[in-house]
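Subject: Structure for your files

Hello,

The structure is below, with my notes after it. Please read them with the model open.

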Amino acid sequence: TTTTTTRKQSQSQSQLLQDEFGPEVFKLVQGVTKIGKIQYESSSSSSSSSSSFSSLSNHHQAENHRKMIVAMAKDIRVILVKLADCTCTLRNLQQQQQQQ
């Protein structure tokens, strides 16, 4: 079915990546991909009426994200690649805005 086909395509793409660039680069790509999947909740989505509870909740959420990133980024290079990617994206956006 569709899920099985998608899974097989993903596995074959992963294998191609690993064959082409090696297991070390493959692990870096996996780590960057995992970090990219983290989604942050906006503070406006909080339904709490107490500001101290909201602050505690935000702190707890930030700590959970920090733990996830540290757990996924067993190699500091993953974080560096992700930061470089974000920097590149921001520069591209800045150039686009200047052109308009």
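Leu 28 is buried, with a relative accessible area of 16%; buried means under 20%, exposed over 50% and partly exposed in between, using a 1.4 Å probe and protein chains only. This is a predicted model, in which local features need pLDDT of at least 70 and side-chain atom pairs count only at pLDDT 80 or more, while totals for chains, interfaces and linings use all residues. Residues are numbered from 1 along each chain as its sequence is written, and side-chain values use heavy atoms, with hydrogens and water left out.

Leu 28 is part of helix H2. Leaving aside residues up to four places away in sequence, Leu 28 touches Asp 75, Arg 77 and Val 78, where contact means heavy atoms within 4.5 Å. Leu 28 and Asp 75 lie 47 residues apart in sequence, with 7.8 Å between their C-alpha atoms.

On the helix pair: the axes of H2 (residues 23-36) and H4 (residues 76-99) come within 9 Å and cross at roughly 60°. Axes are lines fitted to C-alpha atoms, for helices over the stretch in contact, and angles run from 0 to 180 degrees between N-to-C directions. H2 and H4 are therefore oblique to each other, since angles under 35 degrees count as roughly parallel, over 145 as roughly antiparallel, 65 to 115 as roughly perpendicular and the rest as oblique.

From H2, Glu 24, Leu 28, Gly 31, Val 32, Ile 35 and Gly 36 meet Arg 77, Val 78, Ile 79, Val 81 and Lys 82 of H4.

For the whole protein, there are 4 helices and 0 strands; these are DSSP runs numbered from the N terminus, helices being H or I with at least four residues and strands E with at least two. Buried residues account for 12% of the 100 residues. Of the contacts between residues at least 6 apart in sequence, 68% join residues at least 24 apart.

Regards
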